[in-house]
Amino acid sequence: MSGQNSGRHGSRPGLDEEPEPGPLELRALGSTRADPQLCDFLENHFLGYTCLELDICLATYLGVSHWGESIRLRHLYTSGPHGPSSCFLRIRVDGAVDCARGQSAHSLVEIRAVALRKVAIKGVHSALYLCMEGDGRMRGLPQFSPEDCAFEEEIRPDGYNVYRSQKHQLPVSLSSARQRQLFKARGFLPLSHFLPMLPSSPAEPVHRERPLEPDAFSSPLETDSMDPFGIANNLRLVKSPSFQK
Amino acid sequence: VKPGCAAESPGNEWICFRTDESNVRYRETMSTGGLQRSVILSTFLLLRAVTGFSGDGRAIWSKSPNYSPVNESQLFLYDTFPKNFFWGVGTGAFQVEGNWKADGRGPSIWDHFTQTHLKNVSSVNSSSDSYIFLEKDLSALDFIGVSFYQFSISWPRLFPDGIAAVANAKGLQYYNSLLDALVLRNIEPIVTLYHWDLPLALQEKYGGWENEVLIDIFNDYATYCFQTFGDRVKYWITIHNPYLVAWHGYGTGMHAPGEKGNLAAVYAVGHNLIKAHSKVWHNYNINFRPHQKGWLSITLGSHWIEPNRPENTVDVLKCQQSMVSVLGWFANPIHGDGDYPELMKKQLLSILPLFSEAEKEEVRGTADFFAFSFGPNNFKPQGTMAKMGQNVSLNLREVLNWIKLEYGHPRILITENGWFTDSHVKTEDTTAIYIMKNFLNQVLQAIRFDEIRVFGYTAWSLLDGFEWQDGYTTRRGLFYVDFNSKQKERKPKSSAHYYKQIIRENGFPLKESTSDVRGKFPCDFSWGVTESVLKPELVASSPQFTDPHLYVWNVTGNRLLHQVGGVKLKTRPGQCTDFVSIKRQVEMLARMKVTYYRFALDWPSVLPTGNLSTVNRQALRYYRCVVSEGLKLNISPMVTLYYPTHTQLGLPTPLQQSGGWLNPSTAKAFQDYSGLCFQELGDLVKLWITINEPNRLSDIYNRTGNDTYRAAHNLLIAHALAWHLYDQQYRPAQRGLVSLSLHSDWAEPANPYAESHWQAAERFLQFEIAWFAEPLFKTGDYPLAMREYIAFKNRQGLSRSTLPQFTEEERRLVKGAADFYALNHFTTRFVMHSRQNGSHYDTDRDVQFLQDITCLSSPSHLAVLPWGQRKVLSWIRRNYGDLDVYITANGIDDPALENDELRKYYLEKYIQEARKGGVLLSQKLGSQLASAVAVVGASVAALRHSEPSGREQQTGGQ
C-alpha cells in the first residue's frame with residue numbers, strides 16, 4: 001500500500017489526462033483527493049489524518065458515502081492460451097512483467113482509479129507501475145506516467161476486464177512479441193482478459209465457488225453509463241452451443 | 001441466469017472494494033500507523049451498529065434465496081396493470097421551462113449556480129422552452145396518452161423574490177393556462193411546489209434552507225398555490241427529492257447552492273426540509289383538504305443496494321444502513337415514527353439535529369401516499385453514493401418491497417423513474433426502451449406477486465432538458481428536443497412509442513395465445529438426441545476373442561498362464577458386443593425412448609491421410625456397430641459426416657496442413673470420404689448430414705472476410721459434390737436423404753421502432769443463413785442482398801471483401817443439392833444496425849447485438865425465446881418454399897449437474913413452439929413437418945444426469 005500516503009497529490013496526473021472534462025469540475029468528485037477544498041475541510045475537521053485516510057474513515061464514520069473505493073488490492077488472473085493453465089500478472093522487482101503460476105505476494109497489485117474509468121496498476125511487492133512500451137510490451141516502472149501507465153478499465157460481458165492503453169491503442173497483455181505480431185490483425189490479444197481476484201488473507205480461505213466461473217450477468221452495474229447493464233455491448237461473435245463445445 | 005438486474009449477481013464481489021472484516025484484517029497487516037487508526041474507528045462503529053435497531057426492510061436481503069432460474073415470479077411477467085392504473089410523465093420547471101429571465105421571473109439559486117459553477121453550459125437560455133411552447137407540450141402529452149402530467153411550479157416565476165406577496169401576473173397566467181388545458185384534456189395534474197429552484201433572494205438574504213425561517217416562507221408560497229390552483233389540482237407534491245437538495249447542495253457541492261463538505265449544514269437543511277413539508281401538509285390538511293379534497297406528499301428518492309454475500313449479516317446490515325441513510329433519513333420521520341432512523345442517530349451522533357417529542361408528533365404521518373423517485377440522480381456519481389462496499393442495484397421491485405416492509409405497506413405513487421442517454425442519442429433511444437421495459441415489469445411483478453400497492457407511475461421525463469450537474473450532456477426525455485433550433489419541435493423517441501404502447505395495453509398482455517397446446521405430435525414425428533463427434537473405439541475392449549494363442553495355467557505351480565509356443569487357434573470373428581461403450585450408449589438411448597440418434601463420424605479417424613490410400617477399417621466397423629446395435633432397438637441413425645467445432649477443426653492432418661477449407665482440393669477429398677461412408681454404412685443409414693454448421697466456420701477462417709467467404713465456398717462445393725455422388729451412385733439402392741445442418745438462429749430488431757434495426761435483422765439472416773441456403777435451395781448463387789451490401793461497403797471504403805463467383809458448372813452443382821432443410825436452432829438475437837469498418841465477415845454485415853435483460857437466458861447469454869423458432873421456420877418457408885424441415889439440434893447450455901431446470905424449461909417451451917409451428921405450417925406444408933426430427937441438442941452425457949428431461953421427451957414422443 002505504499003503510495004497511499006502521497007495523499008491528494010498521488011492522483012493528480014491522471015486527472016489532467018481526462019479525455020472529456022465533463023460539464024464541470026464536479027464530475028471528478030468521486031474522491032476527496034480530487035478536490036482540494038473538500039480535502040482541506042476534511043483535514044481540518046479530522047486533525048492528524050491525511051486526506052486519503054479520511055476517504056475511508058469518513059466514509060465509514062458517516063455511513064453515507066463511500067469515497068474510498070478508488071483503490072483495490074487484487075490478483076489479476078488470466079487464463080492461458082491452452083486451456084485453464086493459471087496465470088497471475090506479476091511485476092518483478094527488475095521491471096519484467098510475466099505470469100506467476102499461483103497467487104502470491106508477488107502477484108498482488110494495487111488498482112487505483114486515476115480518472116474516470118482509468119486506472120493505474122502497481123505491483124505491491126515491487127512498487128513498480130505497470131506501463132506499456134511502444135510495441136505493446138509491458139514493463140514495471142518506478143515513475144508513473146499518465147500516458148504509458150494509465151489504462152482504461154473495460155469490463156467485458158463475461159466478467160473479465162480489459163485494460164486498454166489509450167496512447168498505444170493496445171490492451172495490457174502478457175503475450176509475447178511474436179504473439180502480439182500474430183494477433184494484431186485479429187483485434188484480440190491472448191492473455192489480455194483479466195479477472196481481478198480478491199486477495200485471500202491467511203485466516204480466510206478463498207471462496208472457491210466464485211471468481212473462476214463468472215456468472216452470466218456478473219459485470220457490475222455501470223451507473224454512470226446510459227447502458228448500466230451493458231446490454232448493447234459490442235458482442236459480435238455469434239455462438240452456437242454445438243460449435244462452441 | 002436470473003432475469004432482472006445484473007447487480008444481483010454475486011460475481012460483483014471481486015470487482016468492488018470491500019470493507020468487510022477480511023479486508024480490514026488484511027489492511028492491518030499492510031498499513032502504516034495512520035491508517036490503522038481509521039481501521040480501529042471503523043471497527044468500533046461497526047460493533048456499535050450491529051447492536052443497533054434493525055428495520056423490517058432487512059428481511060428483503062435475508063429472505064431465503066430461490067435460485068431456480070425458471071421461477072415464474074422472477075421471469076418476465078405477461079400481465080396487465082390494475083384497472084385505472086395511473087400512467088403519467090413528469091418534468092421539472094427549471095429543466096424545461098427556459099426563459100429564465102422572461103416576463104418578470106426572478107433568478108433562482110440554479111441560475112446563479114449554473115453561471116458560477118457550470119461554465120461549460122453554453123447558454124442556459126437554450127432549453128426546451130416549455131414556457132413558450134405550451135401547446136407543443138400538450139400535443140406531446142396527447143401523443144403518449146397519459147392519465148396525468150406531473151410538473152413543478154417555478155417559485156421565482158410566481159414570486160421573483162420568493163416572498164408570497166403579489167404574484168407575477170405572467171407567471172400566474174402560464175400556470176393557469178397549463179392547468180386549464182390539462183383539465184380540458186382530462187389529464188390529471190400532479191403539481192410539485194419545489195423542484196430545487198429556490199428564489200435566489202431567499203438564499204442571499206437568509207442563507208437558504210439552512211435557515212429555518214424558510215419553513216414559514218415556503219408555507220406562505222404553498223398557501224398561495226393551494227388557494228390559486230387547488231380547485232384544479234388534486235395531487236400535490238411539496239418537495240422533489242430532498243435528499244439530493246441536502247446532500248449535493250451542501251455535502252458534495254454538485255448542486256446549487258454548491259456548498260461542500262459542510263455536514264452540519266447537510267443535516268440542518270434536511271431537517272428544515274422535513275419541517276417545511278410537514279408544516280405545509282398540516283396547512284393543507286386543515287385549511288384546504290375539507291373543500292378541495294386532494295392528497296399531498298413529498299417525493300423521496302433512493303438508490304438500491306444488495307449485499308455482497310446475502311448470508312453475511314454484516315453485509316446485510318450495511319445494506320440496511322445504506323438505505324436508511326438515504327431514504328430512511330426522510331421517510332422515517334414522515335412515513336415512520338416521526339424521528340430519524342436509529343442507525344443514523346447512532347452513527348451521526350451530534351451532527352444530526354434532534355426532533356423534540358412535539359415535533360415528532362407533528363412530522364409523523366404527514367404524507368397521504370408514498371411518492372417515490374428511482375432514477376439516475378440517486379446513482380450518480382458513483383463516488384458520492386452510500387455504497388458501504390456493497391453492490392448498487394437497479395432492482396426497482398426490491399426497493400418497493402423494502403418500502404412496504406419499512407413503512408407499513410403504504411400506497412405508492414412512483415413520481416420519477418427512468419434512466420438517461422448520452423446527448424448524441426436523438427430519437428432512436430434503444431437502451432431506454434429496454435430499461436423502461438425492465439423497470440415497468442418489475443413494478444408489475446411487485447404489484448402482482450408482492451402485493452405492493454403502487455397506484456401510478458411517472459416516466460421521467462416528458463422532454464429533454466437541463467440535467468442539473470450534467471448540463472445538456474445527457475438526455476432524459478421521451479421526446480427529443482434540438483436545443484439549438486428555434487421551434488424546439490418535440491420529436492417522439494422510440495421510448496415514447498414504447499411507453500404509448502404500454503399505456504394503451506395497460507401493461508404487457510400476451511400478444512398471441514401462448515397457452516399450452518394440448519395434444520400429441522403426429523405418430524410419425526420423430527424424437528431424438530444428438531451427439532457430436534463419436535470417437536471410434538479402435539481396439540475391441542475384450543482380448544478374449546481376438547487373441548489366437550493357446551495358454552496353459554499353473555504349469556509350474558505359479559498360478560500363471562503360460563503360452564504354448566507354435567500353436568495358433570482360429571479366433572471368433574469380431575462382434576459389435578466387443579465394443580463395450582456402444583452397449584452403454586445404446587442402453588441410454590433406449591431408456592430415453594428416442595427413435596433417432598444423431599452422431600458424427602470422425603473424419604481423421606476414418607481416413608488418417610485424408611485420401612482413400614489408407615482406410616481405417618476398424619473405425620468404420622465401430623461406426624457400423626453403433627448403427628446396427630441402435631437399429632436393433634428401433635433407434636434410427638442420422639449420421640453427420642463432418643462436425644467441426646471451435647476447438648477441433650476435425651480435418652485429417654494432411655488436409656489441414658495444405659490449407660484446410662481454403663484449399664479447393666479439400667472439397668474433392670470430402671467427396672471421396674463421403675463416398676466411402678455411403679458405401680460402408682449407407683445400407684443402414686437413411687439420413688445423412690454432410691456438414692454440421694458450415695456457417696460457423698466463419699469463426700475459424702476469420703483472418704479476412706475473403707478467407708471466410710472462400711472457405712464457405714469450398715464447403716458448399718464439398719457438400720454439393722457429396723450430395724451428387726449420393727444422388728447418382730447410392731440413392732437408387734439406398735433410398736436415403738442428404739442435406740447439411742445450418743446454424744439458424746432467429747434475429748429480431750432490437751428497436752422495433754427503428755427501420756434500420758429491421759433492416760439489420762434481415763441482413764443478419766441473409767449473412768447467416770441465406771449465405772448457404774440461397775445457393776442450395778434457390779438460385780445457385782449467393783443472396784443478392786449479401787452481394788449488394790458488401791458492394792455497398794466496398795464503395796464506402798469500409799471493406800475490401802468480395803464474395804466468390806460461382807462458375808456456371810458450380811452453379812448447376814450447388815443448386816438443389818439438398819433433400820431437406822436441416823437447422824440447428826438455439827436462440828433469438830436482438831439485432832441493431834451498427835456501421836463498422838474492416839474487411840471481415842463480422843464487420844461486413846454491420847450488426848450489433850443487444851441482450852434483453854428481462855429475458856431468461858443461459859450462462860452463455862443465449863436467450864430463451866421459443867417464439868423465435870416459429871419465426872425462423874416461417875422465414876425459411878417464405879424464402880425457400882415448402883421444404884421438409886428437420887430440426888437437427890435444439891437445446892441450451894445448463895451447467896446444472898443434477899436438476900437441469902433451465903434445460904427442462906427450455907425444451908418444454910421450444911417443443912410447444914415447434915408444435916404450434918407445426919399447426920401453422922401444416923396448412924401450408926401438409927404433413928411434411930410430421931416427418932421432422934426434433935433432435936435435442938443435449939449431449940448424451942448431460943442427459944445421463946437428467947432423468948426428468950429425458951422423461952419429458954419420452955411423453956412427448958408417445
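Colleague: Before we start, where do the domain bounds come from?
Modeller: Domain bounds come from an automatic or database domain assignment. Keep in mind, too, that this is a predicted model.

Colleague: Good to know! And how is chain B divided?
Modeller: Chain B has domain 1, covering 86-505, and domain 2, covering 528-934.

Colleague: How many residues does each domain of chain B bring to the contact?
Modeller: Domain 1 of chain B gives eleven residues, and domain 2 of chain B gives twelve residues.

Colleague: How far apart are their C-alpha centres?
Modeller: The C-alpha centres of these two domains of chain B are 57 Å apart.

Colleague: What area is buried between them?
Modeller: About 940 Å² is buried between domain 1 and domain 2 of chain B, with 57% of that coming from carbon and sulfur atoms.

Colleague: Which residues in domain 1 of chain B lose the most area to domain 2?
Modeller: Those are Glu428(B), Thr430(B) and Tyr434(B), and together they make up 52% of what the domain 1 side buries.

Colleague: Switching to charges, how many salt bridges are there between the two domains of chain B?
Modeller: The count is one salt bridge. Lys437(B) and Asp852(B) form a salt bridge, with their closest N and O atoms 2.7 Å apart.

Colleague: And how many residue pairs are in polar contact across that interface?
Modeller: Six residue pairs, taking those with both residues at pLDDT 80 or more.

Colleague: Which element gives the largest share of the domain 1 side?
Modeller: H17(B) does, with five residues.

Colleague: Last one: how do the residues on that side divide into nonpolar, polar and charged?
Modeller: On the side of domain 1 of chain B that touches domain 2, three are nonpolar, five polar and three charged.

Methods
Residues numbered from 1 in each chain as written. Chains lettered and ligands numbered in written order. Predicted model: local features only at pLDDT ≥ 70, side-chain atom pairs only at ≥ 80, totals over all residues. Heavy atoms only, no water. Contact = heavy atoms within 4.5 Å. Buried area = accessible area lost by both parts, 1.4 Å probe. Salt bridge = Lys/Arg side-chain N within 4 Å of Asp/Glu carboxyl O. Polar contact = N/O pair within 3.5 Å; in protein donor to acceptor, adjacent residues only side chain to side chain. Helix = DSSP H or I, 4+ residues; strand = E, 2+ residues; numbered from the N terminus. Nonpolar A, V, L, I, M, F, W, Y, C, P; charged D, E, K, R; others polar.
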